[in-house]
Amino acid sequence: MAYYDIGQGPAVTLLHGFTQTATSWLEVVDLMPQTQRWLIPDLRGHGRSRASGPHTLDACVDDLIKLWDSLSAREVHLVGYSMGGRLALHLATTYPQRLLSLTTLGCGAWLDDSAREARLESDLAMADQIDDLGIDLFVDRWLSLPLFAGLKRRGPDFEARTRAQRLVNRPEGVARSLREMGPGAQPAPNRAALATIKCPSLFLAGELDARYVEAAAGLAKAVPGGRFGVLPGVGHAAHLEDPNEFARVLATHLSDR
């Protein structure tokens with residue numbers, strides 16, 4: 001498992017989104033107070049990590065627990081974006097005792113049965129596209145989705161840099177991740193499990209990302225003491241579109257713990 005281990009202090013683990021790598025978080029880390037230890041992995045199917053076993057949420061949770069144990073990080077603050085947010089929620093309901101706090105961005109909890117079935121069909125078709133197109137052409141199609149339109153506001157140099165970060169991925173790894181831990185493959189809803197999350201929890205979404213604003217509000221209601229926040233003027237990838245504002249909000253959340 002490839003990862004960054006940066007700084008000293010209470011451990012904060014940052015989980016990236018689909019087709020991203022740990023590198024996508026480094027800009028935010030540079031903006032944060034230098035009072036934390038940042039553990040930032042490449043998740044299964046992504047970046048420099050290599051895994052021959054399942055690419056499921058449960059397998060990724062096992063990876064993270066082993067990583068924390070190997071680095072003597074008994075309790076951590078956990079932050080996840082999009083796919084990484086779904087993984088963070090899954091871990092929080094599986095090992096709630098390991099978390100000091102939880103933060104998700106652009107994350108939905110679960111789909112209902114009919115929506116999950118349709119999404120699985122879509123995810124499997126998209127995974128086949130990755131196999132057929134290769135990583136370069138697929139990343140271009142992925143980034144052309146309206147979900148990521150806000151990234152253009154940061155200019156062509158930034159777009160080129162973030163595209164290059166995604167091209168580090170291997171197509172077979174990304175396709176397998178989508179097949180086995182995409183929203184359609186996620187287990188059936190267990191909303192009662194959210195009530196087991198006892199750590200301070202913050203659920204964020206970009207103002208222009210209406211679907212996930214609604215999802216974040218729902219998560220905040222379902223988790224005891226959960227808080228809900230909207231980042232102004234940005235969309236799904238809010239931490240990339242406005243890293244300064246995201247870093248400010250995250251620093252406040254972590255400093256309260």
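Me: What is the volume of the largest pocket?
Reply: This is a predicted model. The lining of the largest pocket has 36 residues. The volume of that pocket is about 710 Å³.

Me: Which helix supplies the largest share of the lining of the largest pocket?
Reply: Four helices each supply at least two lining residues: α3 (83-94), α4 (113-143), α6 (171-181) and α7 (210-222). Among the lining residues nearest the pocket centre are R211 and Y212. The largest share is 6 residues, and the helix that supplies it is α7.

Me: Which residues have the most contacts inside the largest nonpolar core?
Reply: Nonpolar side chains tend to be buried together in soluble globular proteins. Here the largest nonpolar core holds 75 residues. F246 touches W25, V28, V79, L105, L204, L231 and H239, leaving aside neighbours within four places in sequence. The residues with the most contacts inside the core are W68, L99, L102 and F246.

Me: Is A51 buried, partly exposed or exposed?
Reply: A51 sits in the loop between β3 (37-41) and α2 (57-70). Its C-alpha atom is 16 Å from that of F18, 33 residues away along the chain. Buried means under 20% relative accessible area, and exposed means over 50%. A51 has 25% relative accessibility, so A51 counts as partly exposed.

Definitions and conventions: Residues numbered from 1 in each chain as written. Predicted model: local features only at pLDDT ≥ 70, side-chain atom pairs only at ≥ 80, totals over all residues. Heavy atoms only, no water. Core = buried A, V, L, I, M, F, W, Y, C linked by side-chain atoms within 4.5 Å. Buried < 20%, exposed > 50% of the residue type's maximum accessible area, 1.4 Å probe, protein only. Contact = heavy atoms within 4.5 Å. 1 Å grid on protein atoms, 1.4 Å probe; cavity = no way out; pocket = protein on both sides within 12 Å on 5 of 7 lines; lining within 4 Å. Points joined across faces, edges and corners; volume = space filled by probe spheres on them.
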